Amino acid sequence: MTRRGTGPAAELTDTGAPLLTAGIGAAAREHRAAALDAWLRTLMPSGPDGTALTGVALVAVGGLGRRQCSPYSDLDLVLVHDGVPGMDELAAAVWYPIWDARLGLDHSVRTIPEALSVAHDDVKVALGLLDARHIAGDESLTTRLTVAAGDQWRRTAVRQLPVLHEVTAARWKAHGELAFLLEGDLKEAAGGLRDVGLLRAIAYAGISDALRPAVRAAHLRLLDTRDALHVSRGRRVDRLVAQERESVATLLGLDDGDAVLRRVAGDARTVSHALADAFRAADRLRSGRLRGADGRGADGRLLRRPVARDVVEHDGELVLARTAIGARPDASLSLRVAAAAASTGLPIARATCEWLAAYCPPLPTPWPAPARAALITLLGAGPGLVPTWETCDRYGLVDGWLPEWPRLRSLPQHNPVHRYTLDRHLVQAAAEATAYTREVDRPDLLLLAAFLHDVGKGLPGDHSTVGAPIAGGIAARIGLPPAEVDLIEKLVRLHLLLPDVATRRDLRDPVTISHVADAVGDSTTLGLLHGLARADAQATGPAAWSDWKSRLIAELVGRVHTALDTGELPDPPAPDPALLDGPLPAVHLDGSRVAVAAADRRGLLAAVAGCLALHRLEVLSADAITVADRGLVEFQVQPRYGTPPDPIALTADLRRAVTGDVSVTQRLRGRALASRGAGAAPKVVWHRAVATDAVVLELRAADSGGLLYRVATALDEAGALVRAARISTLGGDVVDAFYLVGDWSEPAERDRVEAAVLAAVAP
């Protein structure tokens, strides 16, 4: 169907369909619905006398039923009849012109009993009928359907909602949470437009006043965003992909794509929170926990139970005690309620949140001790922290605790490794840190550092350096003494030290250990950084954490702890004795370890790396040494796609590769070159004071299969001797460090090798 950007909807295409406007906003959606209504009426056959047919009605459901038509939405239509003959021909007369106009159509033909029966068995159909609206034909038939469908839903909603909750949870699992996705589905993801439909259904059943003003406003903004996305793409699409964000921002009058993401995230969180509250209301209604004469519900539970000072449980939610409401509240009350909720895993009642937001006084500077203790209890609550914090944030309580929070809220992190927005990442990191509080000397400072470690993100400069004084200012405001404020600043400034060194430096090198020991200074700080590194990685997402990374960091911490405690470094592990004797080449496979010995070290690293790439193994680290007349290389690897290679085939290829078999070399080069792809320009950084006997060439480039093989080959051909390599993958990028033995003080020599490496990885 032909469409225009603006213009009257009364104009028609050559198919007779209306020219729909591509405007954005409620008025444009109403305009499109009116144009479609008028056209659809022309498709309905009339009676012999020209009047509307009796016993047949064309009914709109979905977006058209709600008069919320996006520019390229499908039409959801139902032909309702009371048993009149010839419905197949009548339906064809309606449906075919719609298809001819190239409009998407979801259609059905049913009697009222059939429609009600299907709605009884299929909760999604039941929800659709709640949006039913008469278009053409016998209006009394539509009225009977809408009244009957509404009555049936109100009678069965409490029973149907558990099934609906299960279906919804499956959809959330498939599509994720809209608030935290860089390319979320505006309709299907959790917190999207589909969930607003659930809120409307729950409100229709009288279970909860789910469509409060904040939800309605969020709904309209999400609809506007989808309208802009349709206009930008020129077709129906609900996923807000990265390349469309800027144009969507322009159409919505926002500054940039990040502003779109932040607005969508805020609206999605509003919808998600309201839906969680509505489902809880349905659960309470279904379980029948009504107050009895003895103060117990139908299930025997006390309906009011003291939980903490000024906080009681009432009907499965936390509310304020009557004495707290009657008295002048102290400034720590909202934090104490939040701490009680997170610790017990019980939600805070909506009315209580509203009361706290309205009447709880602001916190003084520095905070009183009860407020500081409540914050630490809240951050240390583990799984209960995230939903409680989200609730408090929805009602504006967090802004009163932390004036810095609005800048952090819903801030997108443009890295596929991160699964959350910045604010949620900070809260999640504190929740993850609770697993390590028993391992450190100051669990309270670990929780606070985990919560504040990334507060510098979104500001110019290195976020660790920029965030340290911000975190220190917050720590001082909540009442920590100066020495602890300094330690919080240090933890934030160094929170990437352990993971960066563990994955990018040779842990056997004394310079590596001395550098970390000097930076950390003492065992208490080392333990806190170890807990913080693990919590940060686990809160980032699965791609940021692995058993291998955990072992590397633990090894680094152990060596640094020894250095701090005794001033001595443990000896590096000795080479595998099995590689020092016996015929060459020798190949040993042991789980994630691949060790090879050959007569000539030159080219050995590249040959083995290429063979591993050929068998789809990712290299995590590589070490190369010479013992007597033997070259030894040892790799730590993991399968790129989860399935280990055949060890017999891998061993055979390794033996052929290190002896210079041409057929293997050709396969390696073909596979490596075929894997090249476009990306950001690669970059080389030199580090000259981080190793005892080598200079470190650090390559930052897009990841691809065979990358280590290409780089090692280039280094070998350039005459550079590599004694160790560390491979660090961050989403689609790598930071690979190569320890080059020898004197690299001449800039011309470094430039020559750098050019060779960049040429090897260039797309």
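Where is Asp-310 found? Asp-310 sits in the loop between strand E5 (304–308) and strand E6 (311–314). Helices here are DSSP runs of H or I with at least four residues, strands are runs of E with at least two, and both are numbered from the N terminus.

Before going on, the provenance. This is a predicted model, in which local features need pLDDT of at least 70 and side-chain atom pairs count only at pLDDT 80 or more, while totals for chains, interfaces and linings use all residues. Residues are numbered from 1 along each chain as its sequence is written, and side-chain values use heavy atoms, with hydrogens and water left out.

Back to Asp-310. Its phi is positive, about 70 degrees, although Asp-310 is not a glycine. With a relative accessibility of 19%, Asp-310 counts as buried; buried means under 20% relative accessible area, exposed means over 50%, and partly exposed is in between, using a 1.4 Å probe and protein chains only.

Ser-410 is another non-glycine residue with a positive phi, near 60 degrees. Ser-410 lies in the loop between helix H17 (405–408) and H18, and is buried at a relative accessible area of 3%.

Helix H18 itself covers residues 422–433 and contains Gln-428. Gln-428 is buried, with a relative accessible area of 11%. Leaving aside residues up to four places away in sequence, Gln-428 touches Val-386, Tyr-420 and Ala-539, where contact means heavy atoms within 4.5 Å.

Next, the cis peptide bonds. One joins Thr-365 and Pro-366, with omega about -5 degrees, and Pro-366 is in the loop between helix H13 (350–359) and helix H14 (369–379). Another joins Leu-584 and Pro-585, again with omega about -5 degrees. Pro-585 is in the loop between helix H26 (577–580) and strand E8 (586–590).

Now a helix pair. Helix H20 (residues 463–477) and helix H21 (residues 482–493) pack at about 155 degrees, with axes 8 Å apart. The axes are lines fitted to C-alpha atoms over the stretch in contact, and angles run from 0 to 180 degrees between N-to-C directions. So H20 is roughly antiparallel to H21, on a scale where under 35 degrees is roughly parallel, over 145 roughly antiparallel, 65 to 115 roughly perpendicular, and the rest oblique. From H20, the residues in contact include Ser-464, Gly-467 and Pro-469, and from H21 they include Val-485, Glu-489 and Arg-493. By class, the contact of H20 with H21 has eight nonpolar, three polar and two charged residues. Nonpolar covers Ala, Val, Leu, Ile, Met, Phe, Trp, Tyr, Cys and Pro; charged covers Asp, Glu, Lys and Arg; the others, Gly among them, are polar.

Then helix H8, residues 213–233. At 1.5 Å a residue, its 21 residues should span 30 Å, and its end C-alpha atoms are 30 Å apart, so the two agree. The expected span is 1.5 Å times one less than the number of residues. Among the buried residues of H8 are Val-215, Leu-222, Asp-224 and His-230. The buried residues of H8 pack against helix H1 (26–43), helix H7 (193–204), helix H9 (245–252) and helix H10 (257–287). After H8 comes Gly-234, with a positive phi near 70 degrees.

Last, the whole chain. The protein chain has 31 helices and 15 strands, and buried residues make up 53% of its 763 residues. Its C-alpha atoms fill a box of roughly 105 × 70 × 45 Å along the principal axes.
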